[in-house]
Amino acid sequence: MKQHRAWQRMLSGRRLDLLDPTPVDIEIEDIAHGLAFVARWNGQTKGDYAYSVAEHSLLVADIFARQQPQAPTKWQLAALLHDAPEYVIGDMISPVKAAVGPDYGALDERLTAAIHRRFGLPALLPAPIKKQIKRADKLSAWLEAVQIAGFTQTEANKFFGKQDAALVAEFQIRLRPPMDVRDDFTRRHHTLMASL
């Protein structure tokens, strides 16, 4: 029986095995480039540019830093990389993930572990840190839903939880060209890595 190809060639020249990813095949430039071209909300957002996973990741990192000002640099890096596997598996909305089933989650976990090891993070984040990043992620999703995805605040509250009004007022969604977002993501990563 013919074996199906389970790897993807990256722009860096690396071959990333999606079923058995290794840290050596992961480069931040590949992650930043891929995430800058993956649209959140299946592209169903207002504006002249898609709202990318890279832009979302930058926002989550900003929110996390605001919510956890004493957090060590490594956890700020974890916040930036929280959706990094989507550079190769895309961003599926929650209803699609549920329909696909547990295989999607297992693939995501393997990629996350390899990415974390590549950049000096534990393969599995401590539960309290994961919860703090998820809190920042939910605020980001709420902001995106209301500011660019056409949700009312009532709908956003239902799906993402009621958010602190003062914190909501601090953040504004930005829509920018993918290459600008890619470069900002890469710079943020390099700055965090230099501070570890």
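Hi everyone, let's start in a loop: Asn 42 is found between helix 1 and helix 2. Helices here are DSSP runs of H or I with at least four residues, strands are runs of E with at least two, and both are numbered from the N terminus. Before going on, a word on the source: this is a predicted model, where local features need pLDDT of at least 70 and side-chain atom pairs count only at pLDDT 80 or more, while totals for chains, interfaces and linings use all residues. Residues are numbered from 1 along each chain as its sequence is written, and side-chain values use heavy atoms, with hydrogens and water left out.

Back to the loop. Asn 42 has a positive phi of about 55 degrees although it is not a glycine. Trp 41 sits in the loop between helix 1 and helix 2 as well, and has a positive phi of about 60 degrees, again without being a glycine. For background, most residues other than glycine have a negative phi. Are these two buried or exposed? I'll call a residue buried under 20% relative accessible area, exposed over 50%, and partly exposed in between, using a 1.4 Å probe and protein chains only. Trp 41 is buried, because its relative accessible area is 16%, whereas Asn 42 counts as partly exposed at 46%.

Now please look at helix 2, residues 53-67. Its 15 residues reach 20 Å from the first C-alpha to the last, close to the 21 Å expected at 1.5 Å a residue. That expected span is 1.5 Å times one less than the number of residues. How much of helix 2 is covered? Most of it: twelve of the 15 residues are buried. Among them are Val 53, Ala 54, Glu 55, His 56 and Ser 57. And what do the buried residues pack against? Their partners are helix 1 (28-36), helix 3 (73-80), helix 4 (86-89), helix 7 (127-147), helix 9 (165-168) and helix 10 (178-195).

Let me zoom in on Ser 57, which belongs to helix 2. Ser 57 counts as buried because its relative accessible area is 0%. Contact, for us, means heavy atoms within 4.5 Å. Setting aside neighbours within four places in sequence, Ser 57 touches Leu 35, Ala 79, Leu 80, His 82, Asp 83 and Phe 185.

Phe 185 turns up again with Ala 32, so let's go there. Ala 32 is placed in helix 1 and is buried, at 0% relative accessibility. Ala 32 and Phe 185 are 153 residues apart in sequence, and their C-alpha atoms are 6.0 Å apart in space. Apart from neighbours within four places in sequence, Ala 32 is in contact with Ala 54, Arg 182, Phe 185 and Thr 186.

That brings us to the nonpolar core, a set of buried Ala, Val, Leu, Ile, Met, Phe, Trp, Tyr and Cys residues joined through side-chain atoms within 4.5 Å. The largest one has 58 residues, and the members touching the most others are Ile 31, Leu 81, Tyr 87, Leu 143 and Phe 185. Beyond neighbours within four places in sequence, Leu 143 contacts Leu 59, Ile 63, Ile 148, Val 168, Phe 171 and Ile 173.

On to charges. A salt bridge is a side-chain nitrogen of Lys or Arg within 4 Å of a carboxyl oxygen of Asp or Glu. How many salt bridges are there? The count comes to eleven.

One of them joins Glu 27 and Arg 14, with the closest N and O atoms 2.9 Å apart. Glu 27 lies in the loop between strand 2 (15-17) and helix 1, and Arg 14 in the loop between strand 1 (7-9) and strand 2, so the pair ties together parts 13 residues apart in sequence. Glu 27 is buried at 15%, while Arg 14 is partly exposed at 30%.

Another pairs Arg 188 with Asp 62, at 3.0 Å between the closest N and O atoms. This pair links distant parts of the chain, with Arg 188 in helix 10 and Asp 62 in helix 2, 126 residues apart.

Last, Arg 176 and Asp 184 meet in a salt bridge at 2.4 Å, N to O. Arg 176 is buried, with 15% relative accessibility, and Asp 184 is partly exposed, with 22%. Both belong to a network of salt bridges that also includes Glu 55, Arg 174 and Arg 187.
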